[in-house]
Structures are given as C-alpha cells and as structure tokens.
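Hi there,

I am passing on the structure we talked about, and my notes follow below it. Could you have a look with the model open next to you?

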Amino acid sequence: AAAMIAGGNRSADLAQRNWYPDVEVGVGAVREMGRVQSYEAMVSFSVPLQWGLHRSEVSSARAAAAAAESRRAAAELKRAEDLAAAWAEFGAAREVEAVIAQTQLPQAELGFNAAAKGYEFGRLDATEVLMAEQQMWKSGIDLIAARLLQQTRLAEIEALIGDDL
C-alpha cells in the first residue's frame, strides 16, 4: 500500500513536470575525411499547449495516490477491527472456560458421584448413572473446546500483530 501511494505521488509529480517546456541544446563538429570542417549548433524548444490534458493527467495521478491512501487506511481499519473481534472472542472464551471449570464440571462430578452412590445403595438404576457420567464427560469436552477456542483466538491475535504474545 505504501508503494502504491508513493507511486501515485511520483506519477503526479511527473505529470506536473510535463507541463514545463523542454529545451534541448546540441553542439557538434562536422568532419570530412578525418578533419573538422565546421561546427554546428542546435536549439530546440517543446512547449506544451494542451492545458486540459495537463490538468487531467495531474488530477488523475493525484486521484490514484488518494485512492491508494484510502485503500491503505481501509486495510488498517480492517486489521484493527479483526484484532478487536479476536480479543473480544478470546476474553469470552476465557470466561466460558472459567464457568465450566469452576461451576459446571464440579457439579457434573458431584452428580456422577451421587448417582454412583445411589446405584450402589439400590436407589438408582444404571441408566441414571450413565447419564450422569455422560454429563460429566460432556462438561470435560466443553472445557477442552473452550480452551481450544482460546488458543485459536490467541493465534489469530498473534498473526494480526505479527509477533508472539
């Protein structure tokens, strides 16, 4: 993006310089049979007369530079937006992990232990124990999924900032 902006600015400068008259001066010697017989000189002027063309070339080059600057600014805003979204999702995943680890998983383990004791004393049947065990395993899987989401968002953040955290 920086190269596009610089290129647009250079094009505008070049278009502006095309408006100045070109002057060419030349001097030479005329030789015949190995000897200098005379000298010659030349002066040439090139005056640009198409004012409308000049203005359109300059404004076109300036517009290209402005467009490149706008694209660069848009890319920066997009990267900042992506970084903010990844950071918010990372924070949300941390909160989910905390809730699962501190509340849901311990409750599921207590429920399983209670169901196992109830089965041991004959108050519950095997399906209720299996359902409690299934809930405990589901809570563990949810905890792993929350940690995976955190690592994924952390990798996105590192990619966006271009460095390790």
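Let me start with L49: this residue is exposed, at a relative accessible area of 58% (buried means under 20%, exposed over 50%, and partly exposed in between, with a 1.4 Å probe and protein chains only as cover). Before I go on, please note that this is a predicted model, in which local features need pLDDT of at least 70 and side-chain atom pairs count only at pLDDT 80 or more, while totals for chains, interfaces and linings use all residues. Residues are numbered from 1 along each chain as its sequence is written, and side-chain values use heavy atoms, with hydrogens and water left out.

**The nonpolar patch**

L49 sits in the loop between β2 and α2 (51-120). Together with V23, V25, V27, V43, F45 and V47, L49 makes a nonpolar surface patch of about 770 Å². Patches here are built from residues with over 30% relative accessible area and no salt bridge, joining like charges within 9 Å and nonpolar side chains (Val, Leu, Ile, Met, Phe, Trp, Tyr) within 5 Å. Both β1 (22-32) and β2 (35-46) supply at least two residues of the patch, and β1 gives the largest share, with 3 residues.

**Overall layout**

The protein has 3 helices and 2 strands, in the order α-β-β-α-α from the N terminus. These elements are DSSP runs numbered from the N terminus: helices are H or I with at least four residues, strands are E with at least two. The C-alpha trace spans about 130 × 40 × 25 Å along its principal axes. The radius of gyration is 38 Å, whereas a compact globule of 165 residues would come out near 15 Å (taken over C-alpha atoms, with the globule rule being 2.2 Å times the number of residues to the power 0.38). Of the 165 residues, 18% count as buried. The accessible surface is about 12300 Å², and 59% of that surface belongs to carbon and sulfur atoms; areas come from the Shrake-Rupley method with a 1.4 Å probe, and for residues only the protein chains shown count as cover. Among contacts (heavy atoms within 4.5 Å) with a separation of 6 or more, 62% join residues 24 or more positions apart.

S139 lies in helix α3 and is buried, at 0% relative accessible area. Apart from neighbours within four places in sequence, S139 is in contact with I100, Q104, L105 and A108. Q150 is another residue of helix α3, buried at 9% relative accessibility. Leaving aside neighbours within four places, Q150 is in contact with F90, A93, R94 and E97.

R153, in helix α3 (residues 126-161), is buried too, at 16%. Beyond neighbours within four places in sequence, R153 is in contact with A86, E89 and F90. R153 is 34 residues from Y119 in sequence, yet the two C-alpha atoms are 43 Å apart.

**Salt bridges**

A search of the whole structure gives 8 salt bridges, each being a side-chain nitrogen of Lys or Arg within 4 Å of a carboxyl oxygen of Asp or Glu. One of them joins R153 and E89, with the closest N and O atoms 2.4 Å apart. R153 belongs to helix α3 and E89 to helix α2, so this pair ties together parts that are 64 residues apart in sequence. E89 is partly exposed, at 36%.

R147 and E97 form another salt bridge, at 2.7 Å from N to O. Here too R147 is in helix α3 and E97 in helix α2, so parts 50 residues apart in sequence are tied together. R147 is partly exposed, at 42%.

R72 and E69 meet in a salt bridge with the closest N and O atoms 2.3 Å apart. Both lie in helix α2, 3 residues apart, about one turn of the helix. R72 is partly exposed at 24%, and E69 is partly exposed at 33%. A network of salt bridges links E69, R72 and E76.

**The aromatic pair**

The structure holds 1 aromatic pair. W87 and F90 form this pair, which is tilted, with 5.7 Å centre to centre and 35° between the planes. For the cut-offs, rings of Phe, Tyr and Trp (its six-membered ring) pair if their centres lie within 6.5 Å; planes under 30 degrees apart count as stacked, over 60 as edge-to-face and the rest as tilted. W87 and F90 are 3 residues apart in helix α2, so about one helical turn separates them. W87 is exposed at 52%, whereas F90 is buried at 11%.

Best wishes
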